[in-house]
Amino acid sequence: MAGIAMASLISTKSHISDAVNNTESYRVLRGRVSVLKDTPDARLMPYLELARFRSVAQIRYPVLRFDLISALVERWRSETHTFHFPCGECTVTLEDVALQLGLPIDESPVTGLSAFTDLDALCYQLLGDSPGDGESYFSGLQFTWLKAKYGELSATATEGELMCAARAYIMHIIGGEIMPDANNDKVHLMYLPLLADLSSVSSYS
């Protein structure tokens, strides 16, 4: 009897994917992403290649279907850290990251926070400018500010300016696509010191 009651309960509970064709929009998760939609300036490509970010920089993202993403989330099982499908279990692995994004996964790990006391000076050194305006402490860079750095390059940009723009582009990739967080509109400054020497970026996983 209990089994029949449970089966009846299950049959009446709609799956979140039903929201695709009806008005149950309240069940759909709202994503907070800041993906790059435009191809970077061709002059930045050698520097992105040097840092092993050329492949991920060329990935273009279509319009995200949050209703379908929400349906996928319902298949997630935290006990096994896998998605449960009728055909079996599936999960995202580091190998998927390496194959799809072209990023190294077997190099030195990035852990902890960077110990820099003068973040304003750090931004001037590596990005050629700072959004801090002399503030003693600020923790993140806004995506709109980063876009202005790599999106408005002059025709006579120097190598130093191009390297700064490449770092800004990589910071946007990290904060908007690879390691997004609840800030949504910012990327944490802790990643910036790792981009000081673009030729050594590929030594990190």
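**Ser130 and the architecture around it**

User: Leaving aside neighbours within four places in sequence, with which residues is Ser130 in contact?

Analyst: The model discussed here is predicted. In it, Ser130 belongs to the loop that lies between α6 (119-127) and β4 (140-142). Once neighbours within four places in sequence are set aside, the residues in contact with Ser130 are Asp120, Cys123, Tyr124, Phe138 and Trp145.

User: Is Ser130 buried or exposed?

Analyst: A residue is classed as buried when its relative accessible area is under 20%. For Ser130 the relative accessible area is 4%. Ser130 is therefore classed as buried.

User: With which side chain does the side chain of Ser130 make a polar contact?

Analyst: Asp120 is among the residues in contact with Ser130. Between the side chains of these two residues there is a polar contact at 2.3 Å. The partner of Ser130 in this polar contact is Asp120.

User: Which strands stand at the edges of the open sheet of three strands?

Analyst: The order in this open sheet is β1-β2-β3, and the pairing is antiparallel. Two of its strands each have a single partner strand, so one side of each is left without a neighbour in the sheet. These edge strands are β1 (76-77) and β3 (88-90).

User: Which residue in β2 is the bridge partner of Trp76?

Analyst: Strand β2 covers residues 82-85 and runs antiparallel to β1, to which two bridges join it. Trp76 has its bridge partner in β2, and that partner is Phe83.

User: What pattern do the helices and strands follow along the sequence?

Analyst: The chain contains eight helices and five strands. Read along the sequence, these elements give the pattern α-α-α-α-β-β-β-α-α-β-α-α-β.

User: What percentage of the residues of the chain count as buried?

Analyst: The chain exposes about 12,800 Å², of which carbon and sulfur atoms supply 56%. The chain has 205 residues, and the share that count as buried is 31%.

User: Among contacts between residues at least 6 apart in sequence, what percentage join residues at least 24 apart?

Analyst: Here a contact requires heavy atoms within 4.5 Å. Among the contacts between residues at least 6 apart in sequence, the share joining residues at least 24 apart is 63%.

User: Which element of the chain has the lowest mean pLDDT?

Analyst: The mean pLDDT of the chain is 79, with 74% of its residues reaching 70 or more. Over residues 1-13, however, pLDDT stays under 50, and the model has zero contacts there beyond four places in sequence. Where pLDDT is low, predicted coordinates should not be read in detail. Helix α2 (residues 45-50) has the highest mean among the elements, 94, while the lowest, 39, belongs to helix α1 (residues 2-12).

Conventions
Residues are numbered from 1 along each chain as its sequence is written. This is a predicted model: local features need pLDDT of at least 70, side-chain atom pairs count only at pLDDT 80 or more; totals for chains, interfaces and linings use all residues. Side-chain values use heavy atoms; hydrogens and water are left out. Two strands pair if DSSP finds at least two bridges between them. Helices (H or I, at least four residues) and strands (E, at least two) are DSSP runs, numbered from the N terminus. Buried means under 20% relative accessible area, exposed over 50%, partly exposed in between (1.4 Å probe, protein chains only). Accessible areas come from the Shrake-Rupley method with a 1.4 Å probe; for residues, only the protein chains shown count as cover. A polar contact is a pair of N or O atoms within 3.5 Å; within protein, one must be able to donate a hydrogen and the other to accept it, and residues adjacent in sequence count only if both atoms are side-chain atoms. pLDDT is the predictor's confidence in each residue, from 0 to 100.
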